[in-house]
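Thanks for coming. I'll keep this brief.

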Amino acid sequence: MCWHHFFLWELVCGKLDLHKQEGLVHVCLQYKELCVEVFYIYFHAGRVEEPYVSITKKRQMPKDGYSEEIEKEVGQAEGKLCTHRSAFSRASVIQAFLGSAPQLTLQLYICVLQQEITAARSVFMVLSLLSIVYGALRCNILAIKIKYDDYDVSVKPAAYLCIFMWRSFEIATRVTVLVLFSSVLQIWTLPVVLVNFFGFFFYPWILFWQSKSPFPENIEKALSRVGTTIVLCLLTFLYAGINMFCWSAVQVKLNDPDLINKSQNWYRLTVYYMLRFIENAFLLLMWYIYKTDIYLYVCAPLLVLQLLIGYCMAVLFMLVFYQFCHPCKKLFSSSISEGLLSCFKFLCFICKPPKSTILTDKAEVKSENTDEAWSSSKTIDSQKGNPHQSVSSNA
């Protein structure tokens with residue numbers, strides 16, 4: 001069991017009392033032992049031949065429509081290292097969005113109100129931003145490896161660069177927009193945050209209730225139904241925390257045995273970024289209208305334009321990643337360009353008025369034209385009849 005799994009299991013099952021010093025000391029000692037174990041396994045791996053190995057089968061990326069299956073021997077030491085590496089990836093995501101993201105927002109908010117940035121605070125903010133970007137990057141890689149677990153996936157440096165630029169622009173602009181809005185409209189900050197958070201928190205549960213699937217029971221055998229519910233709530237809590245700042249590459253699906261949506265949904269991705277762009281633009285508009293004297297020496301229109309362009313740059317790097325740099329783009333049923341095109345067609349179809357309305361409008365226009373033609377013909381006939389009446393009167 002990984003160390004963060006151990007912590008979660010201890011907390012849910014009631015074996016860890018956070019109010020007692022003994023419980024915290026026990027967990028810290030467990031973490032220390034696990035760290036020592038990882039270093040011991042790493043430095044002693046390969047020195048002694050292991051009597052038992054496991055064989056894993058992975059499929060290579062298809063070439064010319066053909067995918068070859070390869071076998072690889074994995075020793076116990078390498079398997080344990082992979083387990084700890086996976087635990088570290090998940091822990092980095094948790095630390096980034098539940099620790100570094102609120103800290104970066106608070107530090108930037110304090111800098112805006114005090115109108116000064118100290119060297120120490122700027123260093124901490126840069127480190128927090130890098131921590132969040134790294135957590136989002138690990139979330140992307142984790143999503144790829146979960147969705148394409150049967151394939152031997154190798155991520156190229158260009159893909160890492162695209163993800164890094166994508167997440168950097170997205171998170172930096174999102175945090176800046178939230179700070180600017182909260183600095184002028186403190187009363188409305190909490191409603192905006194709560195609507196965002198609870199919207200993403202309840203979204204997986206709404207999909208689960210709509211699917212009418214049975215309650216998942218295979219998460220952990222030692223957990224009761226209440227414990228399983230708490231674990232699922234913690235998972236959706238993390239999912240909501242990620243989506244507050246950026247798009248979560250790992251989509252939660254509670255009616256799936258792995259609790260992860262393994263399908264590539266371009267529609268959900270498009271709707272998220274469209275709504276997020278509209279929300280950022282609206283929050284910036286509110287900041288521009290109600291900005292105070294602390295922004296007296298700030299060129300507000302230029303700052304708004306820079307933030308909107310920065311978010312568009314994030315979307316651009318995302319499109320480049322999925323279109324050209326994704327390690328499993330050959331397995332996509334449709335490319336992101338095709339998905340976006342079909343999504344825009346669907347939105348245009350929704351916004352387009354129904355045919356019955358168009359036909360009714362045409363019929364009304366046609367009837368108006370016929371009425372006008374009939375009235376004009378009657379006028380002409382009356383004008384033609386006037387000379388005859390004048391001649392008869394003269395006679």
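What pLDDT does the protein chain average, and what share of the residues score at least 70? The average is 75, and 62% of the residues reach at least 70. pLDDT is the predictor's confidence in each residue, from 0 to 100.

Ground rules. This is a predicted model, with local features needing pLDDT of at least 70, side-chain atom pairs counting only at pLDDT 80 or more, and totals for chains, interfaces and linings using all residues. Residues are numbered from 1 along each chain as its sequence is written, and side-chain values use heavy atoms, leaving out hydrogens and water.

Now confidence by element. Helices are DSSP runs (H or I, at least four residues), numbered from the N terminus. Helix H1, residues 3-12, has the lowest mean pLDDT, 40. Helix H5, residues 157-184, has the highest, 94. Where pLDDT is low, the predicted coordinates should not be read in detail.

Next, a helix pair. H8 (residues 266-290) and H9 (residues 300-325) pack at about 170 degrees, axes 10 Å apart. Axes are lines fitted to C-alpha atoms over the stretch in contact, and angles run from 0 to 180 degrees between N-to-C directions. H8 and H9 are therefore roughly antiparallel, meaning an angle over 145 degrees. Residues that meet include Trp 266 and Phe 277 in H8, and Leu 307 and Tyr 311 in H9.

Last, Asn 243, in helix H7, residues 225-245. Buried or exposed? Buried, at 0% relative accessible area; the cut-off is under 20%, with a 1.4 Å probe and protein chains only. Among the residues Asn 243 touches are Tyr 272 and Arg 276.

Notes
Helices (H or I, at least four residues) and strands (E, at least two) are DSSP runs, numbered from the N terminus. Angles under 35 degrees count as roughly parallel, over 145 as roughly antiparallel, 65 to 115 as roughly perpendicular and the rest as oblique. Contact means heavy atoms within 4.5 Å. Buried means under 20% relative accessible area, exposed over 50%, partly exposed in between (1.4 Å probe, protein chains only). Lists of a residue's contacts leave out its neighbours within four places in sequence.
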